[in-house]
Amino acid sequence: MNESPRPQPAERPRNAAATRLRLLEAAADLFAERGYERTTVRAIAERAGANQALLFRYFGSKHGLLTEVVAKGSLEQLRATAPEELFETALRSILTRSAPGADRSLEVYLRSVGRGDEAGGTLRELGGEYQKVLAGLAPSGDGALRADLAMAWLLGIGLMRTVAAHEPLAGADPDAVCRLVLGTLASFWTAPEPTRPERPEEDGQ
């Protein structure tokens, strides 16, 4: 007489926490390397050495996993970093992405945002949070514009270094890059807001 299959025991809490962390780390790496859309649940589970069913148990969906990757990385970084140090912290995270524990959320942003997939809303929210903090560094009325320009420079550096792997930037020393970029950026926040040229009065007015 055939016995019915026995239910599998639930993971012990300690193992569950470790598996959950491995899934987060594997997803962060793969989203940064391939982009959200091209990363499969199977690939994440394989890299984490876990069953796909556990991914859905812990995160609900691939998008739920992305949300936690962003929250664990950049949103934690935003909360823990002084506004005046945020740009440098984000820049160094891009330049030293292979370092253990490095936040790769901005790489995920670079490879995934704007592709029209379900990751778009979460990643645009991430960009908006960075913009909001950076805008507060400018004492003038054009803080949002300056923040967008700073973000464009930051993400452009990330694009050239990590996605395009363009030399010499791809192989440049992180300290050298930071010295050049941050030295220029110091005056960017304090420069006075440009005055608009006055329009000449029309004849007859």
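**Local geometry of a predicted model**

Alanine 165 is partly exposed, with a relative accessible area of 46%; with a 1.4 Å probe and protein chains only, buried denotes under 20%, exposed over 50%, and partly exposed the range in between. The model is predicted, so that local features need pLDDT of at least 70 and side-chain atom pairs count only at pLDDT 80 or more, while totals for chains, interfaces and linings use all residues. Residues are numbered from 1 along each chain as its sequence is written, and side-chain values use heavy atoms, leaving out hydrogens and water.

Alanine 165 lies in the loop between helix 8 and helix 9, where helices (H or I, at least four residues) and strands (E, at least two) are DSSP runs numbered from the N terminus. Its phi is near 50 degrees, a positive value in a residue other than glycine. Proline 168 also belongs to the loop between helix 8 (143-163) and helix 9 (174-190), and the peptide bond that joins glutamate 167 to proline 168 is cis, with omega near 10 degrees.

Attention now turns to the aromatic rings. Rings of Phe, Tyr and Trp (its six-membered ring) pair if their centres lie within 6.5 Å; planes under 30 degrees apart are stacked, over 60 edge-to-face, and the rest tilted. This rule gives three aromatic pairs. Among them, phenylalanine 31 and tyrosine 36 form a tilted pair, 5.3 Å centre to centre with 45 degrees between the planes. Both of these residues, phenylalanine 31 and tyrosine 36, are buried. Tyrosine 58 and phenylalanine 59 form an edge-to-face pair at 6.4 Å and 90 degrees.
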